[in-house]
Amino acid sequence: MATTNDIKNGKTLRLDGVLWNVLEFQHVKPGKGGAFVRTKLKNVLTGKIVDRTFNAGAKVEFADVDRRDMEYLYNDGTNFVFMDSSTYEQLEVGSAVVGDNANFLLENTKVTVATNEGNPLYVELPAAVEMEITQTDPGVQGDRSTGGTKPATVETGATIQVPLFITTGERVKVDTRTGDYLGRVN
């Protein structure tokens, strides 16, 4: 067991049998009363974010999370298969764990897979990926004060918003956290 003094960003806590990632923490020493630690925690499984306050020096349990760089190989219909680049060991991860990341997951993409006691917790994609536009309508000029956008389908089947000048077959850079268009790729 550790204390709240050991809490750092990126650590994983086990509270009431549930795993939480520490997004932010702040040690607070008010002028009156005891010190405390204010944290912002993200549920590893559901993604829910909560604020939680601990008394300074309180006992907390850290979870042992193994983060490994892996390469995405393929989807077998129910699971996503990843391979550890150093040991060539393969790991099957359920679609519930991958979640919305599947929209931007291309074969041979390097990702980080976090596991706890052999169970996959989450998959972290790179901040941006390059994807090909497989379908988009031609842009139509009209009356507007700023550049307009239109929907476009990328090679994984996800739909993103792109500027009007983007055409089918072009490669674009996409932010994997928000799904935003970042620019063309030459």
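This briefing outlines the strands, cores and selected residues of the structure shown above. The model is predicted. Five strands form an open antiparallel sheet, in the order β14-β13-β12-β15-β16. The largest nonpolar core holds 13 residues, and β12 contributes the largest share of this core.

**The five-strand sheet**

- Strands of a sheet pair through backbone hydrogen bonds, in either a parallel or an antiparallel arrangement.
- In the sheet with the order β14-β13-β12-β15-β16, the pairing is antiparallel.
- Strands β14 and β16 (181-184) are the edge strands, each of them pairing on one side only.
- From one strand to the next, the twist averages 50°.
- Within this sheet, three bridges connect β12 with β13 in the antiparallel sense.
- Residue T136 stands opposite A152, which belongs to β13.

**The nonpolar cores**

- In soluble globular proteins, nonpolar side chains tend to be buried together.
- Among the 13 residues of the largest nonpolar core, those that touch the most other members are M131, I133 and I160.
- Two or more residues of this core come from each of the elements β12 (128-136), β13 (149-154), β14 (159-163) and β15 (171-175).
- The share given by β12 is three residues, the largest of this core.
- Apart from neighbours within four places in sequence, I160 is in contact with F104, K150, P151, A152, V154, V172, V174 and G179.
- A separate second core has twelve residues, including F80, F82, L105 and V111.

- Strands β4 (residues 36-43) and β5 (residues 49-55) run antiparallel and are joined by seven bridges.
- Five residues lie between the two strands of the hairpin, and G47 takes a positive phi near 85°.

**Residue T3 in strand β1**

- T3 is located in strand β1, which covers residues 2-3.
- T3 counts as buried because its relative accessibility is 19%, whereas the cut-off for buried is under 20%.
- When neighbours within four places in sequence are left aside, the contacts of T3 are G57, A58, K59, V60 and F62.

Notes
Residues numbered from 1 in each chain as written. Predicted model: local features only at pLDDT ≥ 70, side-chain atom pairs only at ≥ 80, totals over all residues. Heavy atoms only, no water. Pairing = 2+ DSSP bridges. Helix = DSSP H or I, 4+ residues; strand = E, 2+ residues; numbered from the N terminus. Core = buried A, V, L, I, M, F, W, Y, C linked by side-chain atoms within 4.5 Å. Buried < 20%, exposed > 50% of the residue type's maximum accessible area, 1.4 Å probe, protein only. Contact = heavy atoms within 4.5 Å. Axes fitted to C-alpha atoms, helices over the stretch in contact; angles between N-to-C directions.
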